[in-house]
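I opened a notebook for this structure. My entries follow in the order I looked things up.

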Amino acid sequence: MVLKRLSVSLFFGFLLTSLIVPSSIARFVVEKNSLRVTSPDKIKGTYDSAIGNFGIPQYGGSMAGAVVYPKDNKKGCKEFDGFGISFQSKPGALPTFVLVDRGDCFFALKVWNAQKAGASAVLVADDMEEALITMDTPEEDVSSAKYIENITIPSALIEKSFSETLKKALSNGDMVNVNLDWREAVPHPDDRVEYELWTNSNDECGVKCDMLMEFVKDFRGAAQILEKGGYTQFTPHYITWYCPQAFTLSRQCKSQCINHGRYCAPDPEQDFSSGYDGKDVVIENLRQLCVFKVANETKKPWVWWNYVTDFQIRCPMKEKRYNQECADGVIKSLGLDAKKIDKCMGDASADSDNPVLKEEQNAQVGKGSRGDVTILPTLVVNNRQYRGKLEKGAVLKAICSGFEETTEPAVCLSGEVETNECLDNNGGCWQDKTANITACRDTFRGRVCECPLVDGVQFKGDGYSHCEVSGSGRCKINNGGCWHESRDGHTFSACLDVDGGKCQCPPGFKGDGVKSCVDVNECKEKKACQCSACSCKNSWGSYECSCSGDLLYIRDHDTCISKSGSEGRSAWAAVWVILLGLAMAGGGGYLIYKYRLRSYMDSEIRAIMAQYMPLDSQSEVPNHVHEERA
């Protein structure tokens, strides 16, 4: 395994040295800023310094400070706190510019240690007499990644002879004041800035790739505002290499190159036996170039920023989604013409030049004041390579410094950036036009696609192609995305208003519950009203069942029963009630009659007995018996 990795490294070490045209010698241009000594008088003057490719240079501005050369830790490779040294400026004093010597550790580490101790800028003294070089960040050093991304002060490399002059003045007790000036670091000829970004679609290439991906996402909003306003002309570029003739038929070239070794990229994992190949990266780089060309033809070149950002989010190598299928999904969501993009990409297996990639290789060669592009990522503003951290604010300053004075757009004069990307094609995000709901949300850094929260109901999904409501209350938002229909005063819905509920057609309907629910013909499908005496008639969402003759339909039992049997029983019940009432009335009348008759007989008997046996209590009792006349 070690030998395999070694062979890969050796192969690509050779391959990467054979850039573009073998006979040409790479020309690397060191970007400089002006350093002017304002005191003491004996060393006043303007000197060159090379801008460090990390930290944040103050493009378009200048910075004054007092130079300090520490007595201990002169190379700045250790933290200054350990030596009791602080470079924090006192109130009212000039900022501190720390002078450190080159050697023993990374340039970036020297600057980081000085920044933590309070320095406002760092000057690195070269340790040999040579032409100035660009101080760059260490390659593939994970341990340095944390502090590199946190460096916010500018730095510059100065010549050895000039540094000795500064040291001598400081040793004599002189106050050495200097002014770092970046106002002429970027040409500013007119009211439009042309800039280009040399980038890569590979998201597994280490610290620099991570920083590049983060920058593209952060800078997208500002870039699109500048482009839409016609203030800038942006062009993306991608570095490719070719495979040396001696290796064209090798397994390595075949897996890392397209078009028979003409356009290559290093293996993302530097392991030919697993993961993605270099040719996968070349193809995606080519696709992104064609996305820009097709978008540019429709007068919307800024769509490139949306595609690249969305591809990073939706199609990462780590999730094994770095492929054409995922790319096609992004292209579709942004409303781009997929056929034109495919035509632009051409045939990767053809033994011929690809016009798009051939143009990129030619563009890598430096022209005018710009050197060859050999570092990824590289930002070029008005044909000058940008130096410093790829950070939104710093890059925006560099671009704004490229405008002719008084022609800067408002974005250069304000700290606020309104993107309004959602106004164009809904930002490529999911939306429900019927309910006027969208997953697109504008932010300071550009638009994001996130499923929304509406009236207390949360939508869930990827935000790009799919969002659906979930939880209770879901049916009040566009009926939960389910089917619903009203007809003849009746409304039916397939939405179940419960947490986790799905769309389900109501009784009397069948279908997916989302796009359609179709009426079930219970009569035809013999699901109801099937008794021998039943007559079925289908209706929307239900049915009507009637019985022949004098029969009555019972829905719960799907059967017919006799109406007459029911009425007979009711009539007999009424007769019995009447008879019972008559019997009770007769019995009552008999009792009354018997009581009155007995009372009358008792009174007659008492009268007769009184004639013959007068009672003591009654002197005379009327005679109710009529005597017979003689």
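Entry 1: I began with cysteine 531 and cysteine 534, and I found both buried. Buried means under 20% relative accessible area, exposed means over 50%, and partly exposed is in between, with a 1.4 Å probe and protein chains only. A disulfide joins cysteine 531 to cysteine 534, with S to S at 1.8 Å. I count a disulfide when a pair of cysteine sulfur atoms lies within 2.5 Å. The link of cysteine 531 and cysteine 534 is right-handed, with 85 degrees about the S-S bond.

**Entry 2: ground rules.** This is a predicted model, so I noted its limits: local features need pLDDT of at least 70, side-chain atom pairs count only at pLDDT 80 or more, and totals for chains, interfaces and linings use all residues. Residues are numbered from 1 along each chain as its sequence is written, and side-chain values use heavy atoms, with hydrogens and water left out.

Entry 3: How many disulfides does the structure hold? I found 15. A disulfide is a covalent bond between the sulfur atoms of two cysteines.

I looked up cysteine 290 and cysteine 344 next. Their sulfur atoms are 2.1 Å apart in a disulfide. The link of cysteine 290 and cysteine 344 is left-handed, with -80 degrees about the S-S bond. This pair links distant parts of the chain, 54 residues apart: cysteine 290 sits in helix H7 (residues 278–297) and cysteine 344 in helix H10 (residues 338–345). Helices (H or I, at least four residues) and strands (E, at least two) are DSSP runs, numbered from the N terminus. Is cysteine 290 buried or exposed? Cysteine 290 is buried, because its relative accessible area is 0%.

Then I turned to cysteine 475 and cysteine 495. A disulfide joins them, with S to S at 1.9 Å. The link of cysteine 475 and cysteine 495 is left-handed too, with -95 degrees about the S-S bond. The pair links distant parts of the chain, 20 residues apart. Cysteine 475 lies in the loop between strand E20 (467–470) and E21, and cysteine 495 in the loop between E22 and strand E23 (509–510). Both cysteine 475 and cysteine 495 are buried.

Entry 4: I followed E21 and E22. Strand E21 (residues 484–487) and strand E22 (residues 490–493) pair in the antiparallel sense over 4 bridges. Two strands pair if DSSP finds at least two bridges between them. Which residue in E22 is the bridge partner of glutamate 485? I found phenylalanine 492. The hairpin of E21 and E22 has 2 residues between the strands, and aspartate 488 takes a positive phi near 55 degrees there.

Entry 5: I looked up the second largest pocket. Its volume is about 500 Å³. On a 1 Å grid over the protein atoms alone, a cavity is a set of points where a 1.4 Å probe fits but cannot get out; a pocket is an open set with protein on both sides within 12 Å along at least five of seven lines; lining residues have an atom within 4 Å of a point. Grid points are joined across faces, edges and corners, and a volume is the space filled by probe spheres set on the points.

The second largest pocket is lined by 22 residues, and Glu468, Gly480, Gly481, Cys482 and Val514 lie nearest its centre. E20 gives the most to this lining, with 4 residues. By class, I noted 8 nonpolar, 10 polar and 4 charged residues. Where does the pocket lie? It lies between domain 3 (421–470) and domain 4 (479–519), because both give residues to its lining. The domain bounds come from an automatic or database domain assignment.

**Entry 6: cavities.** I counted 2 cavities of 30 Å³ or more. Of its 18 lining residues, Asn53, Lys208, Met211, Pro377 and Gly388 are the closest to the centre. H5 gives the most to the lining of the largest cavity, with 3 residues. Domain 1 (32–182) and domain 2 (193–411) each give at least three residues to this lining.

The second largest cavity has a volume of about 70 Å³. Its lining includes Asn200, Met213, Phe311 and Tyr322. Helix H8 (residues 303–314) gives the most to this lining, with 3 residues.

Note on methods:
Ala, Val, Leu, Ile, Met, Phe, Trp, Tyr, Cys and Pro count as nonpolar, Asp, Glu, Lys and Arg as charged, and the others, Gly among them, as polar.
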